[in-house]
Amino acid sequence: MSDYDRDEAEIEASRAPLLDHLIELRKRLIVCVAAVVAGFALCFAFADPIYQFLLHPFKMAAQIYAASKEGHGGGAGPFDLLFVLTGIKEAPAADGDLRLMFTAPLEFFFTKLKLAGFGAVVLTFPILAWQVYAFVAPGLYKRERRAFLPFLFAAPLLFLLGAALVYFIILPFVLWFSLSQQIMGAGVAVELLPKVSDYLTLVTTLLLAFGLCFQLPVVLTLLGLAGIVNSQMLMKGWRYAVFGVVVVAAIVTPPDPISQLLLATPIVGLYFVSIGCVKLIELRRRKADEAPGTELTSLP
């Protein structure tokens, strides 16, 4: 029996009445909802420490900026903040606490709810992705299941890579740029006092934007596996892709060229990595076609 016949027999054996599929879907949804609720409760219980963690770049930026204005930090800049966040340099001593504000009585409470919801989705994403895969896997050929599995691990890793880029590189430049707009002196004080909700919106927007943009290799490789795109098509359209990446970077990042460049550069690099992945898939598929009895089991 050929591999194709075995796959057909396996899928035929997995067929079930519609009611069984609905029961299976309900079970998967219950697991997803339970995971999100548990993640939400956990993140809400630790909402203050999580918010403190997200505030750490802003706190370090304010300390370094204040030290540079007092003449203790020399020519301090965003790169000094980057070195402090990565542990290469020590942060200067702080003269006071970091100040943020909220203007509505329940604003910080709802901010913590939003933070818990965001954290729950990020924390439980592997469970949610696995439940989706487990539901659709019986309808896939064996070779398709094996080819799809690596993406369950690649997607969260790429999201974390994008989030780390935001936390350690993008935020230092954005925050330093924001602090540099303050005016102190000549009887005028224009001081940056962000609202707690606005700061959370900024951080979560950047985290989501970078995390989702870093899924480009996963999306393009899956499209290559499905035969929707090929490496030649992607290579011919690289100029349009680069233009699209630059436009997206300009939309999702703050209005400064440095953060836009810091997003666009790795995404363009990941686009060309995706072309290489699609090319490898095509080579393996060609070898499988030339040698009967072999199959595309996974990405190399």
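This is a predicted model: local features need pLDDT of at least 70, side-chain atom pairs count only at pLDDT 80 or more; totals for chains, interfaces and linings use all residues.
Student: What makes Phe 44 count as partly exposed?

Tutor: Its relative accessible area is 32%, and the term covers everything between buried, which is under 20% relative accessible area, and exposed, which is over 50% (1.4 Å probe, protein chains only). Residues are numbered from 1 along each chain as its sequence is written, and side-chain values use heavy atoms, with hydrogens and water left out.

Student: How do you know that Phe 40 and Phe 44 form a stacked pair, and how many aromatic pairs are there?

Tutor: The structure holds 13 aromatic pairs.

Student: Why is the pair of Tyr 65 and Trp 176 called edge-to-face?

Tutor: The ring centres of Tyr 65 and Trp 176 are 5.5 Å apart and their planes stand at 75°, so the pair is edge-to-face. Because Tyr 65 belongs to helix α3 (residues 47–69) and Trp 176 to helix α6 (residues 142–179), the pair ties together parts that are 111 residues apart in sequence. Tyr 65, at 12% relative accessibility, counts as buried, and so does Trp 176 at 11%.

Student: What makes helix α4 (residues 78–85) largely enclosed by the rest of the structure?

Tutor: Of its 8 residues, 6 are buried, which is why α4 is described in that way. The buried residues are Pro 78, Asp 80, Leu 81, Leu 82, Val 84 and Leu 85. The helix is followed by Gly 87, whose phi is positive, near 85°.

Student: Which residues is Ile 169 in contact with, leaving aside its neighbours within four places in sequence?

Tutor: With those neighbours set aside, Ile 169 is in contact (heavy atoms within 4.5 Å) with Leu 82, Ala 164 and Leu 262. Ile 169 itself lies in helix α6 and, at 25% relative accessibility, counts as partly exposed. Ile 169 and Leu 262 are 93 residues apart in sequence and 8.2 Å apart in space, taken from C-alpha to C-alpha.

Student: How do you know that Ser 197 is buried, and what does its side chain make a polar contact with?

Tutor: Ser 197, in helix α7 (residues 196–213), has a relative accessible area of 14%, so it counts as buried. Its side chain makes a polar contact with the side chain of Glu 107 at 2.7 Å, where the term asks for a pair of N or O atoms within 3.5 Å, one able to donate a hydrogen and the other to accept it within protein, with residues adjacent in sequence counting only if both atoms are side-chain atoms.

Methods. Rings of Phe, Tyr and Trp (its six-membered ring) pair if their centres lie within 6.5 Å; planes under 30 degrees apart count as stacked, over 60 as edge-to-face and the rest as tilted. Helices (H or I, at least four residues) and strands (E, at least two) are DSSP runs, numbered from the N terminus.
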